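Have the sequence and the coordinates open side by side.

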Amino acid sequence: MTLNYTPTIKDWFSLLLLILLWGTSFMFTAVSLESFSPVAIVSLRVLIAAIILTIFMYLKGWRLPTEPLAWTIFLLLGFMGNLLPFFLISTGQKEISSGITGLLMAFMPLATMILAHYFVSGESLNRFKILGFVLGITGVVIVLWPSLVGSHSNLLSGLLILLATFSYAINAILVRRLRSYNPVVTAAGVMIISSIVIVPLWLWQDLPWQQSYSLKASLSMLWLGVGPTAFATIRLFAVIGSAGPTFLSYINYVIPIVAYFTGALLLGETIEWHSLAAMLLIIGGIALTRKRVAAK
């Protein structure tokens, strides 16, 4: 791909689709929590995605690797990029809204930037990145401030969401540092090993065959596995291969907006001025980190 590549209409459509899939995933998680535990949500997301991605992989003529190193990498990526953040987000959303979750998750690229400074060659901090991080963390403080000063505290839930952003950030660093395989094969392998780890725990802990589930929660749970987890992964690699990772990074500006307002419009969550201010600060911080330092 050349540096002056112009994204096509298909690229823009795929980007919009990813924004909608990931931006609304917090809303569907909130609905799923009406019937499913956090462990159940994690288990079903990775299990459904594993089935779909494995079928897609084999239809493309690709095969899973057999060497132990590959599966060790898949396990590490599965834990940091799926099991841990999915669980933290689902647990955190038991106490805070889907919109606030989406705002806090917008901190992920800033967390990645900080870690990359120490672990990725050529990703050093500069004054714009530092100032962008300060703006972003200020936005996070504004989001969490009511929990810090209020009589009832959802601070722990907010911190769990923030921890999920660092889990995703660590996963992004690991992807860049560890041996790479075909992206779709990697995604399928990660979901398979994640399912092997978490599904037995879900079956033992929840005894799902003894539970009752509402139709709305069940459909939301099914969609989380099919849409934001499996299908989005396929489109993600298609966009990166076609238009590149820089083009994909535009989603960081829009996903928190989609998450916040879908929660408000479809779930009746409250729109608050301090959350809107925090959104502007976090998105502004992300934008500022993209600014290049002039060469001397």
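**A walk through the fold**

Lys129 has a relative accessibility of 13%, so this lysine counts as buried; here buried means under 20% relative accessible area, exposed means over 50%, and partly exposed is anything in between, with a 1.4 Å probe and protein chains only. Before going on, please keep in mind that this is a predicted model, in which local features need pLDDT of at least 70 and side-chain atom pairs count only at pLDDT 80 or more, while totals for chains, interfaces and linings use all residues. Residues are numbered from 1 along each chain as its sequence is written, and side-chain values use heavy atoms, with hydrogens and water left out.

Which residue does Lys129 pair with in a salt bridge? The partner is Glu123, with the closest N and O atoms 3.8 Å apart; a salt bridge is a side-chain nitrogen of Lys or Arg within 4 Å of a carboxyl oxygen of Asp or Glu. Glu123 is partly exposed, at 24% relative accessible area. Glu123 also forms a salt bridge with Arg176, where the closest N and O atoms are 3.4 Å apart. Arg176 sits in helix H8 and Glu123 in the loop between H6 and H7, so this pair ties together parts that are 53 residues apart in sequence. Helices are DSSP runs (H or I, at least four residues), numbered from the N terminus. Arg176 counts as exposed, with 53% relative accessibility. Through shared partners, salt bridges join Glu123, Lys129 and Arg176 into one network.

The whole structure contains four salt bridges. Another of them brings together the side chains of Lys216 and Glu34, at 3.7 Å from N to O. Lys216 belongs to helix H10 and Glu34 to the loop between H2 and H3, so to speak a link between distant parts of the chain, 182 residues apart.

The largest nonpolar core has 31 residues, and Ile100, Leu104 and Val140 have the most contacts inside it. Such a core is a set of buried Ala, Val, Leu, Ile, Met, Phe, Trp, Tyr and Cys residues joined through side-chain atoms within 4.5 Å. Two or more residues come from each of helices H4 (68-92), H5 (98-105), H6 (108-119), H7 (127-149), H8 (155-177), H12 (251-267) and H13 (273-289). H8 supplies the largest share, six residues. Val140 touches Leu104, Phe107, Leu162 and Ile282, leaving aside residues up to four places away in sequence; contact means heavy atoms within 4.5 Å. Apart from this core lies another, of 28 residues, among them Leu33, Val46, Met57 and Val199.

Is H5 enclosed or open to the outside? Eight of its eight residues are buried, so H5 is largely enclosed by the rest of the structure. Helix H2 (residues 25-32) is mostly covered too, with six of its eight residues buried. Its buried residues are Ser25, Phe26, Met27, Thr29, Val31 and Ser32, and their cover includes helix H1 (9-23), helix H3 (38-59), H4, H5, helix H10 (215-243) and H12.

In helix H13 you will find Met279, which is buried at a relative accessible area of 6%. Beyond residues up to four places away in sequence, Met279 touches Leu103, Pro256, Ile257, Tyr260 and Phe261.

Glu269 touches Ser97, Ser98, Gly99, Gly263 and Ala264, not counting residues up to four places away in sequence.

Finally, turn to the second largest pocket. It is lined by 21 residues, of which Ile96, Ser97, Ile100, Asn154 and Glu272 lie nearest its centre. On a 1 Å grid over the protein atoms alone, a pocket is an open set of points where a 1.4 Å probe fits, with protein on both sides within 12 Å along at least five of seven lines, and lining residues have an atom within 4 Å of a point. H5, H7, H12 and H13 each give two or more residues to this lining, and H7 gives the most, with four residues.
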